[in-house]
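Biologist: I am new to this structure and would like to learn how to read it. Could we go feature by feature, with the general idea before the case at hand?

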Amino acid sequence: MKTIETKEQYLELIQSEEPVVLKFVADWCPDCKRMDFFIGSVLEQFDEFPFYEIDRDQFPEVAEEQQVMGIPSLLVFKNGEKIGHLHSANAKTPDEVTDYLKDYFEKVTN
């Protein structure tokens, strides 16, 4: 998973015609660290789509604009529009994350 380094990079990525997933995280977040243990195996199932990580503390204006209240949160973008948002409370297990991603990718590829 690549890391978003600039706001310009973020703005360019979300404009993609293909779905893009952003994982909002922070260095101090224990749930983010817990997700890191299983996210690799989940992402292997969706390797045709790009995944990026963005630090909500480095980009607080982006987190606020996207209504990221808890972390980790997974947001799906396509053509500049947020089409999905998995809030931190529902992103605790590999199954929850897999089901969420499967649902959005089925919608955008059918």
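Biologist: How many salt bridges are there?

Modeller: Side chains of opposite charge can pair when their charged atoms come close. The model here is a predicted one, and the count in it comes to 5 salt bridges. One of them joins D36 to K23, with the closest N and O atoms 2.4 Å apart. D36 belongs to helix α2 (residues 30-44) and K23 to strand β2 (residues 20-25), so this pair ties together parts that are 13 residues apart in sequence.

Biologist: Which residues form salt bridges with D31?

Modeller: R34 is one partner of D31, and their closest N and O atoms are 2.3 Å apart. D31 and R34 are 3 residues apart in helix α2, which means that about one helical turn separates them. R34 is partly exposed at 41% relative accessibility. D31 also forms a salt bridge with K92, where the closest N and O atoms are 2.6 Å apart. K92 lies in the loop between β5 (81-86) and α4 (94-109) while D31 lies in helix α2, so the pair ties together parts that are 61 residues apart in sequence. K92, at 35% relative accessibility, counts as partly exposed.

Biologist: Let us stay with helix α2. Where is its kink centred?

Modeller: The kink in α2 is centred on F38 and amounts to about 50°. F38 is also one of the buried residues of α2, which include C32, M35, I39, V42 and L43 as well.

Biologist: What is in the largest nonpolar core?

Modeller: In soluble globular proteins, nonpolar side chains tend to be buried together. In this model the largest nonpolar core has 20 residues, and I4, Y10, L22, F24, I54 and I71 have the most contacts inside it. At least two residues of this core come from each of α1 (7-14), β2, β3 (51-55), α3 (60-65) and β4 (73-78). The largest share, 4 residues, is supplied by β2.

Biologist: What is I4 in contact with, leaving aside its neighbours within four places in sequence?

Modeller: I4 is in contact with Q9, Y10, L13, L22, Y52, E53, I54 and F59. There is also a second, separate core of 18 residues, and F38, I39, A91 and V97 are among them.

Biologist: Now the strands. How many residues of β3 are buried?

Modeller: In β3, 4 of its 5 residues are buried, and the strand is mostly covered.

Biologist: Which strands run parallel to β3, and over how many bridges?

Modeller: Strand β1 (residues 2-3) runs parallel to β3 and is joined to it by 2 bridges. T3 has E53 in β3 as its bridge partner, and E53 also takes part in the salt-bridge network with K23 and D36. β2 pairs with β3 in the parallel sense too, over 5 bridges. V25 stands opposite D55 in β3.

Biologist: What do β2, α2 and β3 make?

Modeller: They make a β-α-β unit, and it is right-handed. The salt bridge between D36 and K23 links two parts of that unit, since D36 is in α2 and K23 in β2.

How values were computed
Residues numbered from 1 in each chain as written. Predicted model: local features only at pLDDT ≥ 70, side-chain atom pairs only at ≥ 80, totals over all residues. Heavy atoms only, no water. Salt bridge = Lys/Arg side-chain N within 4 Å of Asp/Glu carboxyl O. Buried < 20%, exposed > 50% of the residue type's maximum accessible area, 1.4 Å probe, protein only. Bend = angle between axes of the 7 residues up to and from the residue. Core = buried A, V, L, I, M, F, W, Y, C linked by side-chain atoms within 4.5 Å. Contact = heavy atoms within 4.5 Å. Pairing = 2+ DSSP bridges. Right-handed = clockwise from strand over helix to strand, strands pointing away.
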